[in-house]
Amino acid sequence: MALTISFWILAVVMIIAALGVVFLRNVFRAALSLILCFLMVAGLYITLSADFLAAVQILVYVGAISVLIILAIMMTREVQRGSPPNRLQFPAFVVTILFFEVLVLTLINTPWQISSTPPLAPTTASLATLLFGEGGFILPVEIAAVLLLSAIIGAIVLAREK
Amino acid sequence: MNVGLEHYLILSALLFSIGLYGVLAKRNAVIILMCIELMLNAVNITLVAFSRYVVPALLTGQIFAIFVIVVAAAEVAVGLAIILAIYRGLEDIDVTKINLMKW
């Protein structure tokens with residue numbers, strides 16, 4: 001019961017915050033709304049009993065990515081000009097509605113095989129075993145490290161003053 | 001009414017659609033990047049929901065979500081660096097006016 005109530009509160013606040021990202025005129029307020037949306041997603045992870053992922057969500061998204069985005073807004077001085085829609089506003093709306101309809105119809109009409117097993121309670125140790133253990137995801141972890149390194153170097157090269 | 005898999009899937013579909021609308025209909029490049037983040041978050045919710053309700057003992061969906069977060073972080077860093085470079089050259093980040101490479 002508590003899970004249901006918290007799900008609905010998180011869902012409503014998340015959707016309102018996401019709409020704020022798209023429809024707020026002030027870019028800085030849109031970024032703050034995005035941070036609220038990230039926090040609500042972290043809450044949703046907790047209701048899905050993904051505790052480690054909720055912590056990662058808060059650290060990476062709320063901590064790092066939002067700071068980067070706010071820094072970019074400050075450095076490009078777009079706050080006064082706002083975020084006006086382009087000419088494709090109405091076609092984009094129609095395409096989005098159609099896409100959502102198709103997605104919901106597919107999701108509702110697919111018979112998902114829901115397992116009745118209770119979820120693992122603390123996921124951190126199991127995730128570490130999966131990521132770093134024998135026969136796990138150690139190669140993707142290494143590739144992710146290389147990807148992050150190249151992204152950092154690429155960002156420095158791109159953003160450097162000539 | 002208990003919350004099930006469908007609730008999470010429809011919620012993330014709604015979040016993805018909002019992000020899609022923002023990507024298609026906005027001029028500001030930073031806002032477009034933020035909407036891409038919304039879409040990635042929606043996909044993450046889907047992955048974690050599937051992991052919770054379909055294979056609760058395996059956690060594969062959560063592993064995928066971790067890699068999506070890694071790629072999203074890399075994408076934001078490079079994307080914002082590109083936006084800063086464009087702003088330095090053109091004094092504008094309106095994507096309808098950035099047409100240097102348009103044939």
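Me: What are domain bounds, and which domains does chain A have?

Reply: Domain bounds come from an automatic or database domain assignment. This is a predicted model. For chain A the assignment gives domain 1 (1-84) and domain 2 (120-162).

Me: How many Å separate the centres of domain 1 and domain 2 of chain A?

Reply: The centres, taken over C-alpha atoms, are 23 Å apart. The contact takes four residues from domain 1 of chain A and five residues from domain 2 of chain A. The domain 1 side has two nonpolar, one polar and one charged residues.

Me: How do I read a nonpolar core?

Reply: In soluble globular proteins, nonpolar side chains tend to be buried together. Here the largest nonpolar core has 70 residues. A:Val21, A:Cys37, B:Val30 and B:Met34 touch the most other members.

Me: Which elements give two or more residues to this core?

Reply: From chain A come helix H1 (2-23), helix H2 (27-47), helix H3 (51-76) and helix H6 (138-159). From chain B come helix H1 (5-25), helix H2 (29-53) and helix H3 (60-90). H2(B) gives the most, with 14 residues. Domain 1 and domain 2 of chain A each supply at least three residues of the core.

Me: What does A:Val21 touch, leaving out residues up to four places away in sequence?

Reply: In chain A, it touches A:Ala30, A:Ser33, A:Leu34 and A:Cys37. Across in chain B, A:Val21 touches B:Gly22, B:Met34, B:Cys35 and B:Leu38.

Me: How do I read the span of a helix? Take H3(A).

Reply: Compare its reach with the span expected at 1.5 Å a residue. H3(A) has 26 residues and reaches 36 Å from its first C-alpha to its last. That is close to the expected 38 Å.

Me: Where is the kink in H3(A) centred?

Reply: On A:Ser66, with a bend of about 30 degrees. A:Ser66 is also one of the buried residues of H3(A). Others include A:Leu53, A:Tyr61, A:Ile65 and A:Ile69. Just after the helix, A:Arg77 takes a positive phi of about 50 degrees.

Me: What covers the buried residues of H3(A)?

Reply: The cover includes H2 of chain A, together with H2 and H3 of chain B.

Me: How do I read the contact of the two chains?

Reply: The size of an interface is often given as the accessible area lost when the parts come together. Here, take the residues instead. The contact takes 74 residues from chain A and 60 residues from chain B. On the chain B side, H1, H2 and H3 each supply at least two residues. H3(B) has the largest share, 19 residues. By class, the chain B side divides into 47 nonpolar, eight polar and five charged residues.

Terms used: Residues numbered from 1 in each chain as written. Chains lettered and ligands numbered in written order. Predicted model: local features only at pLDDT ≥ 70, side-chain atom pairs only at ≥ 80, totals over all residues. Core = buried A, V, L, I, M, F, W, Y, C linked by C-beta atoms within 7 Å. Buried ≥ 20, exposed ≤ 12 C-beta atoms within 10 Å, placed from the backbone. Helix = DSSP H or I, 4+ residues; strand = E, 2+ residues; numbered from the N terminus. Contact = placed C-beta atoms within 7 Å. Expected span 1.5 Å × (residues − 1). Bend = angle between axes of the 7 residues up to and from the residue. Nonpolar A, V, L, I, M, F, W, Y, C, P; charged D, E, K, R; others polar.
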